[in-house]
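Welcome! Take a moment to turn the model around on your screen, and then let us walk through it together.

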Amino acid sequence: MENSAIALRGAKVRTPNQSWLREFCLLPAVAWYGVFFFGPLCFFLWFGFWRVEDYSPVADFSLTNYREIFANMFTGSNYGWGIAQSLWVSVPAALIATTCTYLVVLAIVYGVPARRQRLALLLTVAPFWSSYLLRLYAWQIILAREGAINSLLTAIGLGEWRIALMYTQIATRIGLIHYVTPILIIILYVTVSNIDRALIDVSRNLGATRLQTFRKVILPLSRVGLITSVSFATIICLGDFLSGSLLGGGGGTSLIGRVPTFPDMIMSEYGSSSNLPRTTAMASILVVIMLIVLAISIRLMTPALKGNRR
Amino acid sequence: MQGGKAVATKDLELIGITRRFGEFVALDGIDLEVGQGEFVAIMGPSGCGKTTLLRIMAGLESTTSGRMLVKGRDLAAVPIHRRPTRLVWQDYALFPHLNVFDNIAFGPRLGPHVPSELRKKVLEMADLVSLEGLLDRRISQLSGGQKQRVALARAIITEPEILLLDEPLSALDAHLRIRMQGELRRLQQALGISFIYVTHNQNEAFSMADRVAVLNKGRVEQVGTPEAIYHHPSSRFVAQFVGMNNLFSGKVATVSEHYTEIASDNGPIRAVTGSKSPRIGETVHVVVQADKIKRATAHTSNENRINAILRGREFAGSHNVYLFDLPNGNEIKIVSEDEPGSPPEKLSGSPSDLYFSVRDAFIIGFQ
């Protein structure tokens, strides 16, 4: 140890990685995130602790807002039910979106010839280029009581099978899934296409059937990508209110009941109440929930391979 | 060749294996037999089809035509995961999400197994390939040699009838490579199963294999013991690919009991007359190994003599390789143990008188 320390001091060589260019190139990114993300975020979190006097916010460090919110968790405004509704909408939506996307990605990576894969990927990502709002209106047309699906069902004489999805949280989830899948496609494509093909050959050669190879090689090696994609989708869904209001109709029905999602509640408070700091405190709670989702996913990602599983 | 009926004396029979990729013919009617517990090396330059052939034997690649029998059983209808041939990959292809133990146990765990017995078996395997104490390691914590052993253990534990190895030592350093050669050979003898070993490295092929098959452009050029391939290459390609051989081409002038004389661009050359002799006027090649050509002295006579111009010297540790230009523009190599005195730069460009014995010249390439 001592020897190597001396040797290091004796011959100080700057590798390309240690160049001052590195700091220099990082500067714009650091400045950008500092000014437009970290700074506002800090202010935003602080703003949640302000008071309101004569209809205008006053800088303070008061817990009144949070006390009011937590007092109204399961009574009055029912924020707790809103959070529950949000999770009940978002987590299944994220799981369904990830499962569907994973199947599509497996089909692209293992079913499409290599030179066509880029095109296939492009086509699956294409919906991302149309406006999210427009996509939601399109879904309204499809799902509405007299919409595309129901008209078709009536036309072919299956009138009694008409669906009533509009203004339910199922419709909300449909909108969200359509929103996140193009992003998940990219995450999962990178994961699956990076799995060494030789490992699949090895598995087959060692006696594994196709299904065993999927279960014992492809699936475990997709783990990190799948967890990333579920948590990513959950966080996006938790923060979205457009699908909840346009397709879910604000307080869309679900197993939990006719309760709006938490972002929906934040939006209506923002529109109606004059207590902006309290609305901000609600949003801060949403941010904390997202961070918890992120923490759980990072925890799940760290390999469980520490001990010996025999 | 109706190998289907001849039972169990051969571990493997390839009959007319052909593989086309569109217009390209990767393998063109490969016939090869591997006896019981034989170590066969398949050798050839890159692109000769040797890896494709190995993948076909492993069931990972399909054939255009031809048959493959293992212990007399045709494998055409056997799905990949039921084949008795295991492949060891060039870059090991270990499962990165599993530790050493789980990598080795991968095969046996696919079927019904008793965990305690499996554990015992894995430990035995680890013992066999000297991996004791490394079973809990992650793959990323292993050295190249250790990864190689894991790959071997993972294949062997499934008790294959034939082990296929695709240049398994090429990623190791020279020292380790030589050690692993010995270990592989020992392992093969201990297991008593056939090894088919693909390599472009003739030292590896010659030091381990019972027999060597030389592949070129999807065809088998020659199959034989390392000695036969080295000393008696049967084609121009083998002569050039194996060892350090020099080739002289020309038309047969005279054939006598003891020697055959060939009229080459570089003057007449006499070679031994073998059991088969070429016809007069036929174009043939004469093979002379690089260490059989010497510099002529005043009292060497009655031998083949050629004039050549020294081009350069390559120092190869225990010996020197000298490159000469022949009058017709071709290049020849001679290997000599030592050449004390004259420094190479002075020698370069100087005309030399070379000779080789009639006994060391073989004729190949006639019908």
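Which residue of chain A lies over the face of B:Phe106? The residue is A:Lys216, placed 5.8 Å from the ring centre. Please keep in mind that everything described here comes from a predicted model.

**Charges over rings**

A charge also sits over a ring within chain B: the charged end of B:Arg154 is found over the ring of B:Phe95, at 5.0 Å from the centre of that ring.

**A helix wrapped by two chains**

A:Ser203 belongs to helix H9 of chain A. With a relative accessibility of 0%, A:Ser203 counts as buried, because the cut-off for that word is under 20%.

H9 of chain A spans residues 197-205, and eight of its nine residues are buried, so the helix is largely enclosed by the rest of the structure. Among these buried residues are A:Leu199, A:Ile200, A:Asp201 and A:Arg204. The cover comes from both chains: it includes helix H4 (79-111) and helix H10 (210-239) of chain A. From chain B, it includes helix H1 (50-58), strand E6 (85-88), helix H3 (106-109) and helix H5 (144-156).

| Residue | Relative accessible area | Class |
|---|---|---|
| A:Ser203 | 0% | buried |
| A:Leu246 | 16% | buried |
| A:Trp81 | 37% | partly exposed |
| A:Phe74 | 54% | exposed |
| A:Trp129 | 61% | exposed |

A:Leu246 sits in helix H11 of chain A, which covers residues 242-246. Its contacts, not counting residues up to four places away in sequence, are A:Leu133, A:Leu136, A:Tyr137, A:Gln140, A:Met166 and A:Tyr167. A:Tyr137 is 109 residues away from A:Leu246 along the chain, yet the C-alpha atoms of the two are separated by 7.6 Å.

A:Trp129, by contrast, is exposed. Look for A:Trp129 in the loop that joins helix H5 (117-125) to helix H6 (132-143) of chain A. From A:Trp129 to A:Ile289 there are 160 residues in sequence, and in space their C-alpha atoms are 29 Å apart.

Over all chains, the count of aromatic pairs comes to 20. One of them joins A:Phe74 and A:Trp81, whose ring centres are 5.6 Å apart with 85° between the planes. This pair is edge-to-face, because that label applies to planes over 60 degrees apart. Elsewhere in chain A, one aromatic cluster is formed by A:Phe43, A:Trp46, A:Phe47 and A:Trp50.

**Chain B as a whole**

How many helices and strands does chain B have? There are ten helices and 20 strands. Along the principal axes, the C-alpha atoms of chain B fill a box of roughly 80 × 50 × 35 Å. Of its 367 residues, 50% are buried. Among contacts in chain B with a separation of 6 or more, 65% link residues 24 or more positions apart.

Chain B exposes about 17000 Å², and carbon and sulfur atoms supply 49% of that area.

Definitions and conventions:
Residues are numbered from 1 along each chain as its sequence is written. Chains are lettered from A and ligands numbered from 1 in the order in which they are written. This is a predicted model: local features need pLDDT of at least 70, side-chain atom pairs count only at pLDDT 80 or more; totals for chains, interfaces and linings use all residues. Side-chain values use heavy atoms; hydrogens and water are left out. Rings of Phe, Tyr and Trp (its six-membered ring) pair if their centres lie within 6.5 Å; planes under 30 degrees apart count as stacked, over 60 as edge-to-face and the rest as tilted. Buried means under 20% relative accessible area, exposed over 50%, partly exposed in between (1.4 Å probe, protein chains only). A charge sits over a ring if NZ of Lys or CZ of Arg is within 6 Å of the ring centre and within 35 degrees of the ring normal. Helices (H or I, at least four residues) and strands (E, at least two) are DSSP runs, numbered from the N terminus. Contact means heavy atoms within 4.5 Å. Accessible areas come from the Shrake-Rupley method with a 1.4 Å probe; for residues, only the protein chains shown count as cover.
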